[in-house]
Amino acid sequence: MGLGGGSPDETSEALWADRVAGMRLACWQSGLAGIAPTNAAWRRMVARCSDNHIDLLVAPEFAVGGLPHTAAAAKASSVTDSSSLAGLVQGAATSLALVVGFTEQSETGLHSSAALVLNGQTRVVSRKVHPREPGISSGGLSITFDVAGVRCGALLCADARDPALAATLAADGARVLICLLNNDVRHHTADKWLVLTERALADRARENRCWVISADVAGRTSQRRGLGATRIYDPAGDLVSASSDAPETGIVFDLL
């Protein structure tokens, strides 16, 4: 059941109606700068997810620290201790799982990574294989994990355009492919990247007969634009829910 999009304060209460069945998930569309534990809109979203029995909350790639445009920025925003990410959902119900993107400082270098925060525990579940950002190294980690009894796998932005990576997660039992995006692009390329992104998400759903969910960034500067491609596609590859193109908005969906 698709329940639409909007900010935690502005969205109709229907967004937070009682669950029907299965997994209830929410996708957060941040601004270009990402999120922080003290961000008011983010805290409201976490609180409402906790109060309304959301199983899974997804935030974009580089949600912590924002997209690095230089190697120095990647280093400055990197996280060495992923357990600190648990602070993003401090005070929430322990049953709320968060999948969030961040720049990870590991023994092998800097990576665009996705972490799962659940029951007070944090673990890195994916490192981007096809990075485009300066200072970011390719990673080789991509494992499946369970949320509310549903097997999931995570892909980071450009990796969603690689059919083989998605197929590997699906072969390992993933029914939901979580795509953490950061489409912070120059204005003159925005339309092209939006078409490519939506096509890739639909194709991965159709090819693997999986749900595909994405969380992206939105907003504008004088030179750049966040595409706001926060979407949910069903296993037939059909779009069933989409955000607006505004930052600090979310969508909620029940996977039946």
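Tutor: One term before we start: strands, labelled E, are DSSP runs of at least two residues, and they are numbered from the N terminus. Also, this is a predicted model.

Student: Fine. Where does Arg 225 lie, then?
Tutor: In strand E13, which covers residues 224–227.

Student: Is Arg 225 buried or exposed?
Tutor: Buried. Its relative accessible area is 17%, and the cut-off for buried is under 20%.

Student: What does Arg 225 touch, leaving out residues up to four places away in sequence?
Tutor: Its contacts include Leu 32, Asn 183, Asp 184, Val 185 and His 187. Ala 190, Asp 191, Gly 219 and Arg 220 are among them too.

Student: Back up a step. What pLDDT does the chain average?
Tutor: The average is 91. Of the residues, 91% score at least 70.

Student: Where does pLDDT stay under 50?
Tutor: Over residues 1–5. For that stretch the model has 21 contacts beyond four places in sequence.

Student: Helices next. At what angle do H3 and H4 pack?
Tutor: About 40°, with the axes 10 Å apart. H3 spans residues 163–171 and H4 spans residues 190–208.

Student: Why call that pair oblique?
Tutor: Because angles under 35 degrees count as roughly parallel, and roughly perpendicular runs from 65 to 115. H3 and H4 are therefore oblique to each other.

Student: Is the crossing of H3 and H4 left-handed or right-handed?
Tutor: Right-handed.

Student: Which residues meet there, H3 to H4?
Tutor: From H3, Pro 163, Ala 166, Ala 167 and Ala 170. They meet Arg 204, Glu 207 and Asn 208 of H4.

Student: Now backbone torsions. What is phi of His 53?
Tutor: Near 60°. That is a positive value, and His 53 is not a glycine.

Student: What do non-glycine residues mostly have for phi?
Tutor: Mostly a negative value.

Student: Where is His 53 placed?
Tutor: In the loop between helix H1 (40–51) and strand E3 (56–58). His 53 is exposed, with a relative accessible area of 55%.

Student: What about phi of Arg 209?
Tutor: Positive, about 50°. Arg 209 is in the loop between H4 and strand E11 (211–215). At 57% relative accessibility, Arg 209 counts as exposed.

Student: Switching to Pro 68. Which loop is that in?
Tutor: The one between E3 and helix H2 (71–76). Pro 68 is buried, with a relative accessible area of 3%.

Student: What does Pro 68 touch, beyond four places in sequence?
Tutor: Phe 62, Ala 73, Ala 74, Glu 133 and Pro 134.

Student: Then Val 150. Which strand is its place in?
Tutor: Strand E8, residues 150–156. Val 150 counts as buried at 9% relative accessibility.

Student: And what is Val 150 in contact with, leaving aside neighbours within four places in sequence?
Tutor: Met 23, Phe 145, Arg 175 and Val 176.

Student: Last pair: how far apart in space are Ala 47 and Ala 92?
Tutor: They are 6.4 Å apart, C-alpha to C-alpha, and 45 residues apart in sequence. Ala 47 lies in helix H1. Ala 47 counts as partly exposed, at 37% relative accessibility.

How values were computed
Residues numbered from 1 in each chain as written. Predicted model: local features only at pLDDT ≥ 70, side-chain atom pairs only at ≥ 80, totals over all residues. Heavy atoms only, no water. pLDDT = per-residue confidence, 0-100. Contact = heavy atoms within 4.5 Å. Axes fitted to C-alpha atoms, helices over the stretch in contact; angles between N-to-C directions. Helix = DSSP H or I, 4+ residues; strand = E, 2+ residues; numbered from the N terminus. Parallel < 35°, antiparallel > 145°, perpendicular 65-115°, else oblique. Left-handed = near helix turned anticlockwise from the far one by under 90°. Buried < 20%, exposed > 50% of the residue type's maximum accessible area, 1.4 Å probe, protein only.
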